[in-house]
Amino acid sequence: MEGNGNTIKDVGKRITRVLFCGPHFPASNEYTTEYLQKHSCIKDVPKAIGNYHVCIVKSMRLDSDIISRAVQMQLIMQYGVGLDGVDIDAATKHRIKVARIPSDGTGNSASCAEMAIYLMLGLLRKQNELQISIQQKKLGDPITDTLFGKTIFILGYENNLHNLRIVTLGALLVNIARGGLIDYKAVFNHLESGHLGGLGTDVAWTEPFDPNDQILKFKNVIMTPHVAGVTEYSYRTMAKAVGDVVLQLHNRLPLTGIELVN
């Protein structure tokens, strides 16, 4: 081990350094570390990034200034699918490959789909009001609803984020993608007027989420801390994908199991 971060050495003393960027999603470090067997932590990414060959992106934004300092970097890789925090043009300019882990086969897409169902059911079954009834020692109240018989509209974007303005009276809005997709003021106003039947979201307009945000005053709002894809299965599988790519890069083998975007 030399310096901070993950390092891999071979008998020829060649070193491959891996930098995890961002303080959140700790299991990504832990599981990849377990797979590679070595790890320590970097705090000052802009100053440290010049010493590293692989950057694993989590919640931190890598802008053109930070990327310009990555003089030894060969690969920037998202621990997951979304690359909206990486300046891909800047990476391309500096001849750094950018990649993500495909959602198919890693458990990420299945985990996110399950979270969407969880949020739908939580809203329909009035999760917050159920807890109030328990505290008030009530039985058989409130009356809840079922997913059975409902129509679900799935809206997705392949590339850029767009503002989503509210759809039909009484609808439940569920977001497991990015907080920037939702017009916060529109959602708040329609929750207040009753036009929107409820909000279930795993992502927020600012992250980490402000626990004092006034949107939480509504009983028909459920929030989870950006954990839709954070499951034991998906993170173990993605950790293996990251670890395998680091080993491939270290041994100068073709990179497999990832999706290069530049």
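Student: Before we start, when do two helices count as oblique?
Tutor: Angles under 35 degrees count as roughly parallel, over 145 as roughly antiparallel, and 65 to 115 as roughly perpendicular; the rest are oblique. Keep in mind that this is a predicted model.

Student: OK. At what angle do H1 and H8 pack?
Tutor: About 55°, and their axes are 8 Å apart. H1 and H8 are therefore oblique to each other.

Student: And which hand does the crossing of H1 and H8 have, left or right?
Tutor: The crossing is right-handed.

Student: Which residues in H1 meet H8?
Tutor: Ala27, Ser28, Tyr31, Thr32, Glu34, Tyr35 and Leu36. On the H8 side, their partners include Tyr235, Arg236, Ala239 and Val246.

Student: How do the residues of that contact divide, by nonpolar, polar and charged?
Tutor: Nine are nonpolar, three are polar and five are charged.

Student: Let me zoom out. How many helices and strands are there in the protein?
Tutor: Eight helices and nine strands. The protein has 262 residues, and 40% of them count as buried.

Student: Now H5. How many residues does H5 have, and how far does it reach?
Tutor: H5 covers residues 108–124, so count 17 residues. From first C-alpha to last, H5 reaches 25 Å, close to the 24 Å expected.

Student: Which residues of H5 are buried?
Tutor: Among them are Cys112, Met115, Ala116, Leu119 and Leu123.

Student: What do the buried residues of H5 pack against?
Tutor: Helices H6 and H8, plus strands S6, S7 and S8. After H5 comes lysine 126, with a positive phi near 55°.

Student: Where else is phi positive in a residue other than glycine?
Tutor: Arginine 95 is one of them, with phi near 60°. Arginine 95 sits in the loop between H4 and S5. Arginine 252 also has phi near 60°, and lies in the loop between H8 and S9.

Student: Is arginine 95 buried or exposed?
Tutor: Exposed, at a relative accessible area of 79%. Arginine 252 is exposed too, at 66%.

Terms used:
Residues numbered from 1 in each chain as written. Predicted model: local features only at pLDDT ≥ 70, side-chain atom pairs only at ≥ 80, totals over all residues. Heavy atoms only, no water. Helix = DSSP H or I, 4+ residues; strand = E, 2+ residues; numbered from the N terminus. Expected span 1.5 Å × (residues − 1). Buried < 20%, exposed > 50% of the residue type's maximum accessible area, 1.4 Å probe, protein only. Contact = heavy atoms within 4.5 Å. Axes fitted to C-alpha atoms, helices over the stretch in contact; angles between N-to-C directions. Left-handed = near helix turned anticlockwise from the far one by under 90°. Nonpolar A, V, L, I, M, F, W, Y, C, P; charged D, E, K, R; others polar.
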